[in-house]
Amino acid sequence: MTSDSHLFRTAAQIETEGYYPIEANRWEKAENFYLPLYEGKMVQAYDHRAASVVVNPKNLNRPAQPQEATEEQHKNPSWLPTPQFWVRADAWEWQWPLEWVLGFKDITAPTNRRTMIASLFPRAMFGNKLPIFLPIDGEPTETAATYKECGPILAANLNSITYDFITRQKLQGQTLNWYIIEQLPVIAPEHYDRLFGTITARDLVRDHVLRLTYTANDMTPFARDLGYEGPPFIWNDDERRHLRARLDALYFHLYGLSKEDAEYILSTFPIVQREDEAQFGSYRTRDLVLAYMSALAAGDTETRIAI
């Protein structure tokens with residue numbers, strides 16, 4: 001965000017260069033185009049459309065601030081957040097064969113509502129405070145095939161409450177550096193072969209991550225790579241709450257934790273609890289996760305918990 005800042009352009013600057021806006025939040029002229037520059041402030045878990053960036057020139061210390069997306073904007077699969085900057089596509093060659101990638105916010109804190117926040121993104125540019133995961137070696141076609149398989153399950157693992165709890169034990173400051181990420185335990189790919197009823201953990205995770213992620217047209221390549229040919233899923237806060245609770249329940253099982261362990265871990269997220277109690281009158285996240293743990297233990301991966 002500093003040494004590459006000479007590459008950044010605002011929408012007004014791009015327009016004066018003769019570019020015009022096209023789909024997927026890009027600007028085009030002839031065969032050249034600009035890609036949006038994603039920053040951490042624009043992102044939440046499973047949501048690359050969490051906020052636009054609004055610049056207040058009167059704020060000399062932090063002029064660029066996030067403007068949270070509304071529910072109506074989220075429900076519109078064509079709506080995309082407005083970044084502060086765009087970058088010409090040829091400034092960095094996208095050598096990755098897929099049109100999507102996994103990334104996370106590295107500015108965080110163990111006292112936040114959630115500490116690890118990961119999301120899947122369309123092809124774009126990324127600030128250094130929004131690191132992305134890419135294979136460091138291997139033949140591109142083979143690594144892309146592995147990424148299609150492992151990208152969604154890694155996204156779910158990173159966003160699980162279990163992983164978040166572990167992350168908080170390691171993080172001392174406000175930057176989630178790579179050396180911390182490298183120390184944290186993730187579920188090995190072969191453990192996703194575990195059956196819950198007649199469905200493997202892998203298939204359950206891929207289905208739920210698809211539904212949580214594919215809410216916008218620009219993530220169509222991701223959906224197609226997962227074998228889904230339908231339209232984006234319409235954003236529904238209540239449905240998303242249940243999908244995430246089932247995923248959290250699944251990861252408590254995959255990490256080998258009991259319901260007593262899960263209840264304790266959930267008790268260490270006071271902001272989540274406080275917000276739930278203000279909205280629902282009870283700690284709904286905890287109640288849903290524990291109930292879904294029981295359902296999964298019984299081999300039920302479809303019933304919607306009534307709480």
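1. The largest cavity holds about 40 Å³ of space, where a cavity is, on a 1 Å grid over the protein atoms alone, a set of points at which a 1.4 Å probe fits but cannot get out. Volumes are the space filled by probe spheres set on the points, with grid points joined across faces, edges and corners. By this rule there is one cavity of 30 Å³ or more.

2. On provenance, this is a predicted model, in which local features need pLDDT of at least 70 and side-chain atom pairs count only at pLDDT 80 or more, while totals for chains, interfaces and linings use all residues. Residues are numbered from 1 along each chain as its sequence is written, and side-chain values use heavy atoms, with hydrogens and water left out.

3. The largest cavity is lined by Tyr46, Ala156, Asn159, Ser160, Arg244, Leu247 and Asp248, lining residues being those with an atom within 4 Å of a point. By class this lining has three nonpolar, two polar and two charged residues, with Ala, Val, Leu, Ile, Met, Phe, Trp, Tyr, Cys and Pro counted as nonpolar, Asp, Glu, Lys and Arg as charged, and the others, Gly among them, as polar. Helix α8 gives the most to the lining of the largest cavity, with three residues; helices (H or I, at least four residues) and strands (E, at least two) are DSSP runs numbered from the N terminus.

4. The largest pocket holds about 1,600 Å³, a pocket being an open set of points with protein on both sides within 12 Å along at least five of seven lines. Of its 46 lining residues, Val43, Gln44, Ala45, Arg113 and Ile117 are the closest to its centre. The elements that give two or more residues to this lining are β5 (64–68), α2 (71–75), α8 (237–254), α10 (270–280) and α11 (284–297), and α8 gives the most, with six. The lining divides into 17 nonpolar, 11 polar and 18 charged residues.

5. The second largest pocket, with about 480 Å³ of space, is lined by 19 residues, of which Phe133, Pro135, Tyr147, Cys150 and Leu154 lie nearest its centre. Its lining has 14 nonpolar, four polar and one charged residues, and α3 gives the most to it, with eight residues.

6. Helix α3 (residues 140–158) and helix α6 (residues 201–213) have axes that come within 9 Å and cross at roughly 75°; axes are lines fitted to C-alpha atoms, for helices over the stretch in contact, and angles run from 0 to 180 degrees between N-to-C directions. The two helices, α3 and α6, are therefore roughly perpendicular to each other, a label applied to angles of 65 to 115 degrees. Lys148, Glu149, Pro152, Ile153 and Ala156 of α3 make the contact with Arg202, Val205, Arg206 and Val209 of α6, contact meaning heavy atoms within 4.5 Å. By class, this contact has five nonpolar, no polar and four charged residues.

7. An open, antiparallel sheet has three strands in the order β8-β7-β10, two strands being paired if DSSP finds at least two bridges between them. Strands β8 (118–122) and β10 (132–133) stand at the edges with a single partner strand each, so one side of each is left without a neighbour in the sheet. Strand β7 (residues 100–104) pairs with β8 over five bridges, and Leu102 has Leu120 in β8 as its bridge partner. Helix α3 lies across β7, β8 and β10, running at about 25° to β7.

Note on methods
Parallel < 35°, antiparallel > 145°, perpendicular 65-115°, else oblique.
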